[in-house]
Amino acid sequence: MIEMTHIDGEDKGKVVLFALSTCGWCAKTKELLADLGVEHSYVYVDLLEPDEIEEALTEVERYNPSGSFPTLVINDSRVIIGFREQEIREALT
Amino acid sequence: MNDSVIGKEELLKRYEEVARDAVQGGYFLNPDTDFTKNLVRGLMVNEQRYGYPACPCRIASGKREQDLDIICPCDYRDPDLEEFGACYCALYVSGEITKGEKTVGPIPERRPPRSMRKSVSKESSAKGPLTVPLPVWRCRVCGYLCARESPPLVCPICKVAQDRFERFL
């Protein structure tokens, strides 16, 4: 299981963000989640160990076949790919 | 993975280099300098980590030959600028965006998914037999063509390395 960083906040369901530590859109998405104050978990896939990267990528590809970042997964079903601010706001408020 | 910290001056120096190269090549950097500097920092981090400036918004494999298409400037920059007014990271943007006439939105990933990715080969776009006195090489980043025994060490147009060339004819 990949270790995620948990951020406390308002419970809007299970919110998981797959991100890269170097990516500008990922940073914006992470900031937005913080601004919205929702409880969530995130992981910087690029900072994981090689075998964990593989595991995380396979997980991301299950929701987003292109394997791109940021990938936001809400309740294991709703997937928002990229920094789609409006869509994220609507899904989490 | 431990990344060493990138100093402010070092970052500024690199940012200015990237900005100068962009202008010289007829490109524009994103006018949001904080955002752009963070991307440049990402490039520098990746350079330390992998030995080449892989795209900060994509996951690199750490193997140069598998990541050639995403070494910045990536193979997808120009088609994304054309279609969306920005490269995937929005490090490079169109003139309209720098003038504030348009805004950058999310850009879909143009790079093929892992399962469909072919390794970039020097022969990849060369078709059928054609008799030419010298091989013709194409820069995958800017499209520059040259006829010579091997591609130049550095693309004279966009400055990318020799391994970004493919055999065209």
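User: In this predicted model, what makes a residue count as buried?

Analyst: A residue is buried if 20 or more other C-beta atoms lie within 10 Å of its own.

User: Why is Cys26(A) called buried?

Analyst: Cys26(A) has 27 other C-beta atoms within 10 Å. The cut-off is 20 or more, so Cys26(A) is buried. Cys26(A) belongs to helix α1 (residues 24-36) of chain A.

User: Which residues is Cys26(A) in contact with, leaving aside its neighbours within four places in sequence?

Analyst: The partners of Cys26(A) are Ala19(A), Leu20(A), Phe69(A) and Pro70(A). A contact requires C-beta atoms within 7 Å. As for Pro50(A), 24 residues away along the chain, its C-alpha atom is separated from that of Cys26(A) by 20 Å.

User: Turning to chain B, which residues of helix α4 (residues 77-84) are buried, and how do you know that they line one face of the helix?

Analyst: The buried residues of α4(B) are Arg77(B), Asp80(B) and Phe84(B). Seen down the axis of α4(B), they fall within an arc of 70 degrees, so they line one face. An α-helix has 3.6 residues a turn, so residues three or four places apart point the same way.

User: What does the face of α4(B) turned away from the buried side carry, and what covers the buried residues?

Analyst: The face turned away carries Pro79(B), Glu82(B) and Glu83(B), which are exposed. The cover of the buried residues includes β2 (92-93) of chain B. Just after α4(B), Gly85(B) has a positive phi of about 80 degrees.

User: Why are α1(B) and α2(B) called roughly perpendicular?

Analyst: The axes of α1 (residues 8-25) and α2 (residues 33-50) of chain B come within 10 Å and cross at roughly 105 degrees. Angles of 65 to 115 degrees count as roughly perpendicular, and therefore α1(B) is roughly perpendicular to α2(B). Leu11(B), Arg14(B), Tyr15(B) and Val18(B) of α1(B) make the contact with Lys37(B), Val40(B), Arg41(B) and Met44(B) of α2(B). By class, the residues of this contact are five nonpolar, no polar and three charged.

User: How many residues does each domain of chain B give to the contact between the domains?

Analyst: The assignment for chain B gives domain 1 (8-116) and domain 2 (121-169). Domain 1 of chain B supplies five residues and domain 2 of chain B seven residues. The C-alpha centres of these domains lie 23 Å apart.

User: How many residues of chain B are in contact with chain A, and how do they divide by class?

Analyst: In chain B, 16 residues are in contact with 18 residues of chain A. The chain B side divides into eleven nonpolar, three polar and two charged residues.

Notes. Residues numbered from 1 in each chain as written. Chains lettered and ligands numbered in written order. Predicted model: local features only at pLDDT ≥ 70, side-chain atom pairs only at ≥ 80, totals over all residues. Buried ≥ 20, exposed ≤ 12 C-beta atoms within 10 Å, placed from the backbone. Helix = DSSP H or I, 4+ residues; strand = E, 2+ residues; numbered from the N terminus. Arc of directions from axis to C-beta. Contact = placed C-beta atoms within 7 Å. Axes fitted to C-alpha atoms, helices over the stretch in contact; angles between N-to-C directions. Parallel < 35°, antiparallel > 145°, perpendicular 65-115°, else oblique. Nonpolar A, V, L, I, M, F, W, Y, C, P; charged D, E, K, R; others polar. Domains from an automatic or database assignment.
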